[in-house]
Amino acid sequence: MDNLKECAAYFKSRSEWKRPFELFRRKWESMGKTSGKIVLKNCTSEERLAIGKMMGKVYYEHDVTISLTEFENMLQTTRFASVKLHELLEVYFERKIRSKQERKQEKEKKREEFFSNCIEYFACKEEKEKNNVLKWILDMKEKQIGGFTLVLHELQVNEESARKMLYTTGNALIKAFRNEEYIPLAVIAAQVSGNPHYLDRGSTFGNLFMQGICSIQGREYPKSAVEWKERLLGAHILPDDISSMVTTLGIHLQIGEHIHPAVEAFCSMREPLILTALNLREVSSAWVDTKRVYIVENEMVFSYLAGRIGENKTALMCTSGQIRNAAFEVIDLLIKNDTEIYYSGDMDPEGMGIADRLWRKFPERVRIWRMSAEDYQNAVSNEKIEERSLTMLGNLMNPQLKQTAEVILQKKRAAYQENILEDLFLDIIK
């Protein structure tokens, strides 16, 4: 052992051997044995001299090739006889040197043990609903589906955190499928984690929870907010339906085979209506009289337009900024009935981003409305846009919005819908 330490100290004290040893390590990890060769690119004269002296050769080329076997054999002719390259690398780098295959096997073993421990944890529970969770975890373990990648990512970062995530999510699934009555998602989340937002859509835990629901239900992972809601309701879980809302005018709704009577009353009176996702829970269809709906981002703009169109059959929507699930649900239902969507928002990085995301979600039906470069010039204000916000414009995909973004980058000022109210009004009464 002393001889091994002395050998490692010898090479560590000579900077010319730093690069060769790094390449030795990589090659050994790749091969899993003392085999193959390394190529030291663009060697300095000092490196060539030091390596040549040790290997008993003269190197003239800028790129020096060294065989790992020859290097180990060379050691046997020195005072470091009996030192093996693998042992030397571990002492030199002060850590265990393992091959890629060994590391892969260790990860697989760790993963197997992790899922087996989780299965054992739930197998000890008394609730009959545990069987749903056990099948879900088994599918992750054996088929690598149902949220496997989410758990694996967390496992690679922190095993204890991954265990807590899977235990908590599994307990939430047991609670969900044990209830015959509907229970709010926030209530389940608070009961299992203490945080009512723990299982919210978009969070890692919420996504894993949905993977578990889909696995148990034998359904595909939801591709939209509407499908997400359907999966939750199928497990007797109520999503947060109150905070998600949209304001409408002239949009008809249907529940099952019947027209929604309350919504129809607002339509007949040409009165605006605020709909929450809770109101939309049983809605099966949505349509407008003109096959076209105009959507605006700003409440004041909506109020102005709704107040001026009178008996005109034009349909309007207001998203009040970011488009929430309730708005997406209505838009999705309208598109299924061949409705054209005209969207207009503020021409600043945030507003342009909202419009672009809606267009990307429904590219065949969404029309960007009054957000051209010319409209920007007519609506521009004196309010400056911060440089860090301007970088968001680089993410836009819609061709028209990208042209407008070029002008915004020049002026660096925001443009607002309120400055082109008359243009918006004249468009919708044509």
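The legends below describe several close-up views of a predicted model. In this model, local features need pLDDT of at least 70 and side-chain atom pairs count only at pLDDT 80 or more, while totals for chains, interfaces and linings use all residues. Residues are numbered from 1 along each chain as its sequence is written, and side-chain values use heavy atoms, with hydrogens and water left out.

**View A. An open sheet is formed by six strands.** Strands here are DSSP runs of E with at least two residues, and helices are runs of H or I with at least four residues, both numbered from the N terminus. The order across the sheet is β8-β5-β11-β10-β12-β13, and the pairing is mixed; two strands are said to pair if DSSP finds at least two bridges between them. At the edges stand β8 (273–276) and β13 (366–368), and each has a single partner strand, so one side of each is left without a neighbour in the sheet. From one strand to the next, the twist averages 25 degrees, an angle that runs from 0 to 180 degrees between the N-to-C directions of axes fitted to C-alpha atoms. Strands of a sheet pair through backbone hydrogen bonds, either parallel or antiparallel.

**View B. T247 has its place in strand β5 (residues 245–249).** With a relative accessible area of 15%, T247 is buried; this word means under 20% relative accessible area, whereas exposed means over 50% and partly exposed lies in between, using a 1.4 Å probe and protein chains only. Leaving aside its neighbours within four places in sequence, T247 is in contact with P272, L273, I274, F302, L316, M317 and C318, where contact means heavy atoms within 4.5 Å. Strand β5 pairs with strand β11 (residues 315–318) in the antiparallel sense over three bridges, and L249 stands opposite L316 in β11.

**View C. Two aromatic pairs are edge-to-face, one formed by Y121 and F122 and one by Y221 and W228.** Rings of Phe, Tyr and Trp (its six-membered ring) pair if their centres lie within 6.5 Å, and planes under 30 degrees apart count as stacked, over 60 as edge-to-face and the rest as tilted. A search of the whole structure finds 21 aromatic pairs. In the pair of Y121 and F122, the centres are 4.8 Å apart, with 85 degrees between the planes; Y121 is partly exposed at 29%, whereas F122 is buried at 0%. For Y221 and W228, the values are 5.9 Å centre to centre and 90 degrees between the planes, with Y221 partly exposed at 30% and W228 buried at 7%.

**View D. The side chain of R25 lies over the face of F93.** R25 is at 5.6 Å from the ring centre of F93, and a charge sits over a ring if NZ of Lys or CZ of Arg is within 6 Å of the ring centre and within 35 degrees of the ring normal. F93 belongs to one aromatic cluster, whose members include Y10, F11 and W17. In another such arrangement, R308 lies over the face of F425, at 3.8 Å from the ring centre.

**View E. The cysteines C7 and C43 are 20 Å apart, sulfur to sulfur.** A disulfide is a pair of cysteine sulfur atoms within 2.5 Å, and a search of the whole structure finds zero disulfides. The sulfur of C43 is too far from its closest cysteine sulfur, in C7, for a bond. C7 is buried, with a relative accessible area of 0%, and C43 is buried at 6%.
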